[in-house]
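The report below goes through a single protein chain and its two ligands. It starts from individual residues and ends with the chain as a whole.

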Amino acid sequence: MGNPDRRLVVVANRLPVQMDEAGQWETSPGGLVSALAPLLKGRGGAWVGWPGSAGFDPGEFQVDGIDQVAVPLSAEDEDGFYHGFSNATLWPLYHDGVRPPEFHRTWWASYVEVNRRFAGKAASIAGRGDLVWVHDYQLQLVPAMLRALRPDVRIGFFLHIPFPPVELFSRLPWRSAITEGLLGADVVAFQTRKDAQNFAASARRFGGATGPDWRRLSHDGRVVRVDRMPIGIDVAGFHALATSDEVRRIAGDLRRHTGNPRKLVLGVDRLDYTKGIDVRLRAFQTVLERESLGPEDVQFLQIAVPSREAVPLYQETREEVERLVGQINGENARAGRPAVHYLYRSVDPEDLVGAYLAADVMMVTPLRDGMNLVAKEYVVSRVDETGVLILSEFAGASEQLGQALLVNPHDVDQMAATLVRALEMDEAEQRRRMRALRRVVTSSDVFDWAEKCLSMLVEE
Ligand code: ADP
Ligand code: G6P
């Protein structure tokens with residue numbers, strides 16, 4: 001891990017904490033937080049981020065031994081920077097333009113202003129030569145802004161979502177500013193090789209980067225290293241949950257409460273149009289009709305976490321998903337036996353892994369996704385090596401998980417045919433595939449990922 005004296009400053013849109021019902025801070029669940037927490041504790045340092053609600057400024061405080069440094073956002077910032085430029089311009093553009101991105105100069109002005117605030121805060125708390133690790137699409141201007149303020153620190157950037165092909169990225173009116181912003185880092189890392197190469201192509205075209213090797217770009221008299229660093233999950237944590245008595249009981253209860261259908265199919269996503277939930281439901285509907293299956297044969301459980309509910313496209317996506325659930329149940333349910341179970345809420349880790357254990361088939365079919373951790377979580381949770389993963393070829397995870405049943409998530413008929421194949425797959429084939437998948441996912445967890453990213457950052 002290089003020089004252990006260098007502290008680590010993490011900069012991300014959200015702080016890794018949330019308030020519980022009693023108004024006390026608690027650490028948020030999630031792999032990224034659990035991977036970075038020991039590093040922050042070991043080296044010392046701080047996490048800079050938004051506390052999550054407009055107009056709220058808790059200042060600097062500590063939770064579970066980690067220094068939290070809040071960057072407050074006003075209601076206008078939340079509108080222009082978060083809902084607007086981050087989630088209605090960049091998010092759809094970077095996800096292959098599966099919905100039209102909106103371009104508004106006022107949103108851009110807000111994005112620049114808020115990025116400047118994050119960079120200023122990071123600059124004010126970083127010690128001499130510290131490591132500063134900036135995360136995700138909300139903060140792409142921070143590396144160059146921070147370098148201008150603090151040329152002594154080492155700056156890393158990781159993009160958790162895809163980086164679009166140059167043909168798509170070039171639509172962005174602010175393409176030069178974004179690429180120059182990222183080129184302010186010493187290391188820029190992505191989920192897949194394709195994302196890294198897409199960035200290098202845009203950095204050459206719009207950011208003034210040069211050099212024949214996409215892994216080592218020259219910019220402003222410096223070398224900027226570009227690489228792929230696919231993120232993993234907390235393998236041991238999921239394994240422990242999947243083998244616990246409580247989670248096994250939850251899985252058993254779930255099968256019983258659904259009336260023990262022959263097969264249970266599962267989907268778990270944030271409710272986001274990039275996740276392809278509607279097309280997936282249509283594929284399920286097609287299978288019920290074509291194969292004349294009833295709820296005693298197969299049922300579908302969709303768990304959808306509420307997300308970005310103030311953005312109109314998210315409201316429309318929710319309406320379409322709920323319309324489809326109603327339609328499929330109207331046509332296929334029997335009294336007391338739905339064909340589709342739909343939960344619009346976040347669930348506890350125990351219930352989540354209980355669902356992974358109960359499901360014979362997991363459908364992870366985003367239209368586009370940076371990685372998709374749900375796919376990896378399902379695989380690690382299947383400790384008995386059975387179960388079938390149907391995975392979109394447009395999820396970053398498909399680069400590593402070739403033994404899943406890969407599908408085009410836009411193709412309802414192909415997904416329906418693949419679902420039939422999954423429902424009929426014999427146990428020997430299930431085990432052969434699941435063993436191979438488990439080997440890949442368990443070979444490198446989120447802790448290895450964080451270590452690798454940091455060692456790249458400390459290499460001069
Ligand atoms: P994204 O980052 O786009 O939301 P990922 O699949 O990479 O997609 O990560 C989602 C994370 O959120 C996973 O760790 C998953 O376990 C968690 N998650 C998804 N749905 C739920 C839910 N309903 N309740 C709790 N956690 C969820
Ligand atoms: C994706 C993004 C993250 C983001 C998360 C939840 O995983 O890559 O940066 O934090 O979604 O979205 P939210 O808008 O609620 O932060």
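## Asn13 in strand S1

Asn13 belongs to strand S1, which spans residues 8–14; helices (H or I, at least four residues) and strands (E, at least two) are DSSP runs, numbered from the N terminus. With a relative accessibility of 4%, Asn13 counts as buried, where buried means under 20% relative accessible area, exposed over 50% and partly exposed in between, using a 1.4 Å probe and protein chains only. Apart from residues up to four places away in sequence, Asn13 touches Gly49, Trp50, Phe81, Tyr82, Phe118, Gln138 and Leu139, a contact being heavy atoms within 4.5 Å.

This is a predicted model, in which local features need pLDDT of at least 70 and side-chain atom pairs count only at pLDDT 80 or more, while totals for chains, interfaces and linings use all residues. Residues are numbered from 1 along each chain as its sequence is written, chains are lettered from A and ligands numbered from 1 in the order in which they are written, and side-chain values use heavy atoms, with hydrogens and water left out.

Around ligand 2 are Arg14, Tyr82, Asp136, Tyr137, Gln138, His160, Ile161, Arg270 and Arg308, a residue being near a molecule or strand if one of its heavy atoms lies within 4 Å of it. By class, this shell holds 3 nonpolar, 2 polar and 4 charged residues; Ala, Val, Leu, Ile, Met, Phe, Trp, Tyr, Cys and Pro count as nonpolar, Asp, Glu, Lys and Arg as charged, and the others, Gly among them, as polar.

For Arg14, a side-chain N or O atom is 2.7 Å from an oxygen atom of the ligand, for Tyr82 a polar side-chain atom lies 2.5 Å from an oxygen atom of ligand 2, and for Asp136 a side-chain N or O atom is 2.5 Å from one. On its own, ligand 2 has 370 Å² of accessible area, and the protein covers 69% of that; accessible areas come from the Shrake-Rupley method with a 1.4 Å probe, and for residues only the protein chains shown count as cover.

## The surroundings of ligand 1

Ligand 1 has 14 residues around it, of which Arg270, Lys275, Val305, Val347 and Glu377 come nearest. The shell divides into 8 nonpolar, 2 polar and 4 charged residues. An N or O atom in the side chain of Arg270 is 2.7 Å from an oxygen atom of ligand 1, a polar side-chain atom of Lys275 lies 2.8 Å from an oxygen atom of the ligand, and at Leu373 a backbone N or O atom lies 2.9 Å from an oxygen atom of ligand 1.

The protein buries 77% of the 570 Å² that ligand 1 exposes when taken alone. Two or more residues of the shell come from each of strand S12 (263–270), strand S13 (298–305), helix H12 (349–358) and helix H13 (373–381), and H13 gives the most, with 3 residues.

Helix H13 is largely enclosed by the rest of the structure, because 8 of its 9 residues are buried. These buried residues are Val374, Ala375, Lys376, Glu377, Tyr378, Val379, Val380 and Ser381, and their cover includes helix H8 (235–242), S12, H12, strand S15 (361–364), strand S16 (388–392) and helix H15 (427–443). At the start of H13, a side-chain oxygen of Asn372 reaches to within 3.1 Å of the backbone nitrogen of Val374.

Asp369 lies in the loop between S15 and H13 and, at 9% relative accessibility, counts as buried. Its contacts, leaving aside neighbours within four places in sequence, are His95, Pro162, Lys275, Phe394, Ala395 and Gly396.

## Met456 in helix H16

Met456 is part of helix H16, residues 446–458, and counts as buried at 5% relative accessibility. Neighbours within four places in sequence aside, Met456 is in contact with Arg154, Val187, Arg225, Asp227 and Met229.

## The chain as a whole

The chain has 16 helices and 17 strands, and buried residues make up 59% of its 460 residues. Its radius of gyration, taken over C-alpha atoms, is 22 Å, which agrees with the value near 23 Å that a compact globule of 460 residues would have; the globule rule is 2.2 Å times the number of residues to the power 0.38. Among contacts between residues at least 6 apart in sequence, 74% join residues at least 24 apart.

Conventions:
A polar contact is a pair of N or O atoms within 3.5 Å; within protein, one must be able to donate a hydrogen and the other to accept it, and residues adjacent in sequence count only if both atoms are side-chain atoms.
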